[in-house]
Amino acid sequence: MFDTKIKWVKFANDDAHLVELFMGRTCSPIKVNGKAVLLVNNEGEYHMVKNKCPHQGITLEKASCEDGKIICPWHHYGFDLKNGRGAGLYLDIYPIEKREDGYYAGFEYFSLF
Ligand code: FES
């Protein structure tokens, strides 16, 4: 009866706009689809995660990346950038797609149909 769907939301017009959003940082806080998210550049691979650590809820703006994980600056728990798992917790992640007209992030929602 319920179906999970993905709503794709454009957040950058092109590569130059994406670079501008980072402003030289590894983690860049932005708002997309009304959510506070974090754009992450892990060695040239882009990811988007919720900007709130699932451990105690602090922002991840000052996080670092190591071995494919985002490392929370507070207690140093690491969360896998591909599936959000880490330390028995789960960090929300959002898929990113590069299309002809820009970069899109996917947000899951439930639908009756
Ligand atoms: S608040 Fe992030 S690991 Fe504790």
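Residues are numbered from 1 along each chain as its sequence is written, and side-chain values rest on heavy atoms, with hydrogens and water left out. As the model is predicted, local features need pLDDT of at least 70 and side-chain atom pairs count only at pLDDT 80 or more, while totals for chains, interfaces and linings use all residues.

Three strands form an open sheet in the order E1-E12-E11, with antiparallel pairing. Here helices (H or I, at least four residues) and strands (E, at least two) are DSSP runs numbered from the N terminus, and two strands pair if DSSP finds at least two bridges between them. E1 and strand E11 (96-99) stand at the edges with a single partner strand each, so one side of each has no neighbour in the sheet. From one strand to the next, the twist averages 35°; axes are lines fitted to C-alpha atoms, for helices over the stretch in contact, and angles run from 0 to 180 degrees between N-to-C directions.

How many bridges join E1 and E12? The two strands pair in the antiparallel sense over nine bridges, and Ala-12 stands opposite Tyr-103 in E12. E11 and E12 pair in the antiparallel sense over four bridges and form a hairpin with two residues between them. Across this second pairing, Lys-98 stands opposite Tyr-103 and Glu-97 opposite Tyr-104. Helix H1 packs on the sheet, where it touches E1, E11 and E12, and its direction makes about 90° with that of E1. Contact means heavy atoms within 4.5 Å. Seven of the 10 residues of E12 are buried, so this strand is largely enclosed by the rest of the structure. Buried means under 20% relative accessible area, exposed over 50%, and partly exposed in between (1.4 Å probe, protein chains only).

The nonpolar interior comes next. In soluble globular proteins, nonpolar side chains tend to be buried together. A nonpolar core is a set of buried Ala, Val, Leu, Ile, Met, Phe, Trp, Tyr and Cys residues joined through side-chain atoms within 4.5 Å. The largest one has 15 residues, and Phe-11, Ile-30, Val-32, Leu-39, Met-48 and Phe-107 have the most contacts inside it. Strand E1 (3-12), helix H1 (15-22), strand E2 (27-32), strand E3 (35-42) and strand E12 (102-111) each give two or more residues to this core. Apart from it lies another core of 12 residues, including Leu-60, Ala-63 and Leu-81.

Beyond four places in sequence, the residues touched by Met-48 include Phe-11, Ile-30, Ile-93, Ala-105 and Phe-107. Val-37, in strand E3, is buried, with a relative accessible area of 0%. Leaving aside neighbours within four places, the contacts of Val-37 include Ser-28, Pro-29, Met-48, Asn-51 and Tyr-94. The C-alpha atoms of Val-37 and Tyr-94 are separated by 8.9 Å, although the two residues are 57 apart along the chain.

Rings of Phe, Tyr and Trp (its six-membered ring) pair if their centres lie within 6.5 Å, with planes under 30 degrees apart counted as stacked, over 60 as edge-to-face and the rest as tilted. By this rule there are four aromatic pairs. Tyr-46 and Tyr-103 form an edge-to-face pair, 6.5 Å centre to centre and with 80° between the planes. Tyr-46 lies in strand E4 (residues 45-50) and Tyr-103 in strand E12, so the pair ties together parts that are 57 residues apart in sequence. Tyr-46 is partly exposed at 30% relative accessible area, whereas Tyr-103 is buried at 8%. The rings of Tyr-94 and Phe-107 have centres 4.8 Å apart and planes at 40°, so this pair is tilted. Tyr-94 and Phe-107 are both buried. Phe-11, Phe-22, Tyr-46 and Tyr-103 form one aromatic cluster.

Finally, the backbone deserves a glance. Most residues other than glycine have a negative phi. Met-23, in the loop between H1 and E2, has a positive phi near 45° and is exposed, with a relative accessible area of 60%. Ala-87 has a positive phi of about 55°; this residue lies in the loop between strand E8 (85-86) and strand E9 (89-90) and is exposed at 53% relative accessibility.
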